[in-house]
Amino acid sequence: MALARVHHLLACLTAFALIAAAASPVTGDPLMTDQLEVLFGQTQLLNDSNGDQTIALTLDRVMGSAFRSKTSYLFARIDMDIKLVADDSAGTVTTIYLISEKDWNTHDEIDLEFLGNVTGQPYTLHTNIFANGEGGREVQYKLWFDPTKDFHTYSVIWNPDEILILVDNIPIRQFKNHLDDGVPFPIYQPMRLFGCLWDADDWATEGGRIKTDWSQAPFVAYFRNYTAEGCVPSTYTWVCGQGPAASGNWFDRGLDDVKQQQQLREAQDKYMIYNYCTDAKRFPDGYPKECGLQ
């Protein structure tokens with residue numbers, strides 16, 4: 001199955017298309033290499049004295065690097081610890097995203113893109129959601145910590161009711177299923193996780209004003225502690241609730257915790273820097289339908 005062409009990851013997807021898609025069952029073994037496969041680039045697999053694994057993605061003038069999950073999921077909770085490119089990372093983008101792999105015109109996608117910065121400036125977390133080929137749902141945040149000094153946990157919960165994006169288990173974005181109101185929602189197509197480090201200095205940092213300083217290369221981002229609990233393909237159906245991250249509460253529960261609801265409001269009030277639902281210049285004739293739904 002050929003991978004879908006993603007316009008904003010052309011450098012990555014050129015190499016993706018050379019690799020045949022595979023689907024392996026999720027096992028209880030926590031090793032990252034049992035769940036993820038390296039795709040291309042100057043990618044390193046680091047093993048510490050405890051046997052824990054870290055993937056180091058690198059970017060230089062020649063190419064970026066990437067990995068993907070061996071399994072596709074139909075609904076999932078994904079957690080991964082990431083330490084982003086340090087120092088002057090302007091022009092670079094580190095990303096993890098879920099994407100369906102069939103027709104691009106009807107594809108589904110959940111994006112977390114970390115836009116590089118000039119030394120000393122905060123990283124921007126750029127999020128977007130595609131459903132049935134319809135995207136343009138960008139929401140951006142300034143991270144409230146230095147994501148290059150240590151690992152932080154970034155999570156996606158995708159169930160039939162909503163999509164949640166969390167940072168260190170704090171919810172920052174919620175996208176509810178309003179399919180009954182005519183708003184597309186990713187509910188029918190399985191998606192696979194990808195991670196990639198690539199050059200996007202035509203838009204990533206201050207709209208492309210600041211370019212990549214290649215004297216700082218190679219740029220390196222680190223990934224560890226990948227856990228995935230999702231609905232995975234079986235012989236005749238999809239089996240849910242399996243895997244090492246099994247918690248039993250992601251599939252049919254949303255933000256029903258008062259503390260998490262408050263955390264979501266605070267994150268949006270303090271750290272959100274762009275929301276497509278408030279961009280009057282972009283939508284002079286009215287905001288998308290989901291913006292007015294609760």
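Rings of Phe, Tyr and Trp (for Trp, the six-membered ring) pair up if their centres lie within 6.5 Å; planes under 30 degrees apart count as stacked, over 60 as edge-to-face and the rest as tilted. By that rule, this structure has eleven aromatic pairs. Keep in mind that this is a predicted model: local features need pLDDT of at least 70, side-chain atom pairs count only at pLDDT 80 or more, while totals for chains, interfaces and linings use all residues. Residues are numbered from 1 along each chain as its sequence is written, and side-chain values use heavy atoms, with hydrogens and water left out.

**Rings**

Take Phe114 and Tyr154: their ring centres are 4.8 Å apart and the planes sit at 70 degrees, so this pair is edge-to-face. Phe114 is in strand 7 and Tyr154 in strand 10 (residues 152-158), so to speak two distant parts of the chain, 40 residues apart. Helices (H or I, at least four residues) and strands (E, at least two) are DSSP runs, numbered from the N terminus. Both Phe114 and Tyr154 are buried; buried means under 20% relative accessible area, exposed over 50%, and partly exposed in between (1.4 Å probe, protein chains only). Trp144 and Phe145 make another edge-to-face pair, at 5.4 Å centre to centre and 85 degrees between the planes. Trp144 is partly exposed at 30% relative accessibility, whereas Phe145 is buried at 17%. Ring pairs also bring in Tyr271, giving a cluster of Trp144, Phe145 and Tyr271.

Some rings have a charge over them, meaning that NZ of Lys or CZ of Arg is within 6 Å of the ring centre and within 35 degrees of the ring normal. Lys83 has its charged end over the ring of Tyr222, 5.5 Å from the centre. Arg224 does likewise over the face of Phe151, at 3.9 Å from the ring centre.

**Salt bridges**

Here a salt bridge is a side-chain nitrogen of Lys or Arg within 4 Å of a carboxyl oxygen of Asp or Glu. The count comes to eight, and the table lists some of them.

| Asp79 | Arg77 | 3.0 Å |

Glu138 lies in the loop between strand 8 and strand 9 (139-142) and Arg282 in the segment after strand 16, so their bridge ties together parts 144 residues apart in sequence. Glu138 is buried, at 18% relative accessibility, while Arg282 is partly exposed at 35%. Asp79 and Arg77 are both buried; Glu206 and Arg209 are both exposed. There is also a salt-bridge network linking Glu134, Arg137 and Glu290.

**The disulfide**

With a disulfide taken as a pair of cysteine sulfur atoms within 2.5 Å, the structure holds one. Cys277 is joined to Cys291, with 1.9 Å from S to S. The link of Cys277 and Cys291 is left-handed, with -75 degrees about the S-S bond. Both cysteines are in the segment after strand 16 (272-275), 14 residues apart. Cys277 is buried at 18% relative accessibility, and Cys291 is partly exposed at 23%.

**An annotated asparagine**

In the model, Asn117 lies in the loop between strand 7 (109-115) and strand 8 (124-130). Is Asn117 buried or exposed? At 7% relative accessibility, Asn117 counts as buried. Setting aside neighbours within four places in sequence, its contacts (heavy atoms within 4.5 Å) include Asp87, Asp88, Pro122, Tyr123 and Thr205.
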